[in-house]
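This report covers one protein chain, to be read alongside its sequence and coordinates.

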Amino acid sequence: DSLVSDTKYKAHIYNAIGVILESQKDYNSSQEYYKEALEIFEEGDDIFARTTAYSNLANNYTNLGRFTEAKEIHNKTISLLEGKDYTNELPWKYLNLGATLMECTQYDSALVVLKKANTLNTEVSGTSNELTTVILNHFADTYIKLKEYQKAEEHLTKSIAIAKNLFGIK
């Protein structure tokens, strides 16, 4: 921290420390680093960096069970990116919102958001990519919660086929 004089780089470091702490399940500490990063990013015009930090903070709030705040920040992140030149980021942000909706048992809303993530991902990257497998897995998890096992199985089967094609049998 003391060696970095450029505040933009400092914000990236804070965000990275937040990611590390979150991976160690130290959610309260990671949240503070995300907020520090956001204070700096708010002063600049780097929307990509700002929305990345917002998204990390929102995911952290989901991990803490603070779903209302998580949903608000996910929606803010999406609104900051819509209409900008970051269409490849939007499917990920919708996926994150969908995952949060699943965590707070809003399954019907989660399905709507996951469909949006899937549609945008298909438009931007086609149907055979890693994000597609993640979205399909989230669909399956949601359908399992709704006890719609046939739909869950269909989505998992598609996900497995794409994953095998992308990564091989391993």
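## Largest pocket

On a 1 Å grid over the protein atoms alone, a pocket is an open set of points with protein on both sides within 12 Å along at least five of seven lines, whereas a cavity is a set of points where a 1.4 Å probe fits but cannot get out; lining residues have an atom within 4 Å of a point. The largest pocket is lined by 13 residues, and those nearest its centre are Glu22, Asn59, Thr62, Asn63 and Asn96. Two or more lining residues come from each of helix 1, helix 3 and helix 5 (90–103). Helix 3 contributes the most, with five residues.

The volume of the largest pocket is about 260 Å³, a volume being the space filled by probe spheres set on the grid points, which are joined across faces, edges and corners. By residue class, the lining holds three nonpolar, eight polar and two charged residues. In this scheme Ala, Val, Leu, Ile, Met, Phe, Trp, Tyr, Cys and Pro count as nonpolar, Asp, Glu, Lys and Arg as charged, and the others, Gly among them, as polar.

## Basis of the model

The model is predicted: local features need pLDDT of at least 70 and side-chain atom pairs count only at pLDDT 80 or more, while totals for chains, interfaces and linings use all residues. Residues are numbered from 1 along each chain as its sequence is written, and side-chain values use heavy atoms, with hydrogens and water left out.

## Overall fold

The protein has eight helices and zero strands, giving the order α-α-α-α-α-α-α-α from the N terminus on. The radius of gyration is 17 Å, close to the 15 Å that the globule rule gives for 170 residues, so the protein is as compact as a globular protein of that length. That radius is taken over C-alpha atoms, and the globule rule is 2.2 Å times the number of residues to the power 0.38. Helices (H or I, at least four residues) and strands (E, at least two) are DSSP runs, numbered from the N terminus.

Along the principal axes, the C-alpha atoms fill a box of roughly 55 × 35 × 30 Å. Of the 170 residues, 41% count as buried; buried means under 20% relative accessible area, exposed over 50%, and partly exposed in between (1.4 Å probe, protein chains only).

## Salt bridges

Four salt bridges are found in a search of the whole structure, each defined as a side-chain nitrogen of Lys or Arg within 4 Å of a carboxyl oxygen of Asp or Glu. One of them joins the side chains of Lys8 and Asp46, at 3.7 Å from N to O. Lys8 lies in helix 1 (residues 7–23) and Asp46 in the loop between helix 2 (27–43) and helix 3 (47–63), so this pair ties together parts that are 38 residues apart in sequence. Lys8 is partly exposed at 40% relative accessibility, and Asp46 is partly exposed at 23%.

Another salt bridge links Arg66 and Glu69, with an N to O distance of 2.6 Å. Arg66 has a relative accessibility of 29% and is partly exposed; Glu69 is partly exposed, with a value of 29%. Lys151 forms a salt bridge with Glu148, where the closest N and O atoms are 3.2 Å apart. Lys151 is partly exposed at 39%, and Glu148 is partly exposed at 30%.

## Aromatic pairs

Three aromatic pairs are found in the whole structure. Among them, the rings of Tyr14 and Tyr33 have centres 6.0 Å apart and planes at 55°, so the pair is tilted. Rings of Phe, Tyr and Trp (its six-membered ring) pair if their centres lie within 6.5 Å; planes under 30 degrees apart count as stacked, over 60 as edge-to-face and the rest as tilted. Tyr14 belongs to helix 1 and Tyr33 to helix 2, so the pair ties together parts that are 19 residues apart in sequence. Tyr14 is buried at 12% relative accessibility, whereas Tyr33 is partly exposed at 31%.

The ring centres of Phe139 and Tyr143 are 6.3 Å apart and the planes stand at 15°, so this pair is stacked. Both residues lie in helix 7 (residues 130–145), four residues apart, about one turn of the helix. Phe139 and Tyr143 are both buried.

## A loop residue

Gly65 sits in the loop between helix 3 and helix 4 (67–81). Gly65 is partly exposed, at 38% relative accessibility.
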